[in-house]
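The tour moves from one selection to the next.

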Amino acid sequence: MNPRKPRIAYVSADPGVPVFGRKGSSVHVQEVVRALLSLGAEVEIFAARLDGDAPDDLAGVTVHRLPRPPKKTKRDLARREAALLAANSDLAATLEAAGPFDALYERYSLWSRAGIAFADKAGIPAVLEVNSPLVREQATHRGLVDREGAEAVAGEVFTGATSLLAVSEGVARYLRSHAPDEKIHVVPNGVAAQRYGGGVEATVPREDGTFTVGFLGTLKPWHGLSGLVEAFGVLHRERPGSRLLVVGDGPERGGLERDLEERGLLEYARFTGAVGPDEVPGLLASMDVGVAPYPSGGEDFYFSPLKVYEYLAAGLPVVASRVGQVGEIVESGRNGLLYRPGDIAALAGSLMLLEGDITLRETLGAAGRESVLDGHTWEAVAAEIMGLLGLTETGLTETGLTEPAKR
């Protein structure tokens with residue numbers, strides 16, 4: 001039998017995830033697909049939202065565009081939820097028409113159940129990637145009318161998937177109340193390390209004597225950016241050559257700019273707005289330190305923070321609060337500096353320490369890059385996914401698959 005490439009259906013039915021957009025979730029989708037391709041798989045994307053064309057290196061990937069639901073409004077929230085649930089029939093028909101596949105990989109979304117059902121019917125492995133306790137998150141932050149219906153879908157797909165991929169131990173704890181432990185696998189996010197490191201030119205030229213504190217990510221309340229502004233104020237009062245570079249956009253931006261202005265610091269800060277993934281390496285090369293100032297910890301912190309992996313890959317020393325997975329990625333004193341969540345004085349103290357010690361910055365940065373190269377690349381993540389899909393056990397070679405994978 002001639003080897004052939006395994007065919008994987010990648011499903012992203014969440015209209016809040018533009019697979020070719022600029023959000024962290026967009027980066028996640030693109031990098032997983034890219035890494036699966038690099039391992040010899042043939043991937044087809046089924047997505048409800050694209051936001052633009054595919055990057056050049058993904059231009060050859062077949063994309064099946066699913067119907068978009070009506071836009072969200074408070075008055076029509078129930079109608080939107082019903083439309084998203086009804087869209088399962090379109091997904092089922094599209095998968096049937098495009099198949100057969102050797103395996104299915106889905107990014108869990110609130111109302112999508114047709115993908116896992118399709119895999120079950122076809123007798124192929126299905127991995128469901130879970131990034132958050134989505135029902136609770138939706139009800140808390142965005143509004144949810146039919147919570148019972150969303151819980152029912154979650155129960156169906158958590159039960160029906162061959163494996164559940166949790167991006168953090170916090171997500172795994174949530175899943176253990178829905179599925180047996182042996183089905184749940186913690187696979188943290190990764191980074192395209194080859195895009196960072198030495199040789200990347202800084203997008204924002206550095207001035208002599210300046211020290212640039214950087215943040216990367218969507219500007220939302222749970223990132224603790226008000227604390228970063230407060231700490232930056234302390235730093236700048238002591239070290240006037242310091243600057244703040246904020247890469248990203250979001251609902252917190254206006255408040256942050258007003259806060260900086262009231263402190264007389266706005267002229268020392270720069271907001272880039274939303275940027276594409278290809279712009280990030282140059283902007284990180286413009287920083288002297290990357291900060292992840294999450295304000296709270298505990299079991300509710302379930303993120304697998306892409307920004308921390310990207311800081312580390314760029315060789316930046318990381319200053320972060322000791323919360324959830326961050327405390328596992330960053331080893332204080334080796335590849336970064338950790339502080340107690342909410343301790344603004346400690347955050348400011350760490351920034352002042354790094355401002356005055358370039359040798360420490362270089363040492364922490366070099367150790368950080370080494371730590372992501374050792375198992376935190378997207379290729380390493382994709383290898384684990386392939387294993388969960390059973391493809392490495394069924395004859396995947398350098399050139400392809402010898403026989404279809406089955407459940």
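Start with helix H5: its buried residues pack against helix H6 (147-160). Contact here means heavy atoms within 4.5 Å. Buried means under 20% relative accessible area, exposed over 50%, and partly exposed in between, with a 1.4 Å probe and protein chains only. Helices (H or I, at least four residues) and strands (E, at least two) are DSSP runs, numbered from the N terminus.

This is a predicted model: local features need pLDDT of at least 70, side-chain atom pairs count only at pLDDT 80 or more, and totals for chains, interfaces and linings use all residues. Residues are numbered from 1 along each chain as its sequence is written, and side-chain values use heavy atoms, with hydrogens and water left out.

Select residues 134-141, which make up H5. Which of its residues are buried? Leu134, Val135, Glu137 and Gln138 are. They lie on the same side of H5, because they cover an arc of only 165° around the axis. That arc is taken from the directions from the helix axis to the C-beta atoms. Step just past H5 to Gly143, which takes a positive phi of about 100°.

Now show the strands. Seven of them form an open sheet in the order S3-S2-S1-S4-S5-S6-S7, with parallel pairing. Two strands pair if DSSP finds at least two bridges between them. Strand S3 (62-65) and strand S7 (184-186) stand at the edges; each has a single partner strand, so one side of each lacks a neighbour in the sheet. The twist averages 20° from one strand to the next. Axes are lines fitted to C-alpha atoms, for helices over the stretch in contact, and angles run from 0 to 180 degrees between N-to-C directions.

Next, select strand S1 (residues 7-12). Six of its six residues are buried. Arg7, Ala9 and Val11 sit on one side, and Ile8, Tyr10 and Ser12 on the other.

Look at the partners of S1. Six bridges join S1 to the parallel strand S2 (residues 42-47), where Glu42 stands opposite Arg7. Four bridges join S1 to strand S4 (residues 103-107), also parallel. There, Val11 stands opposite Glu106.
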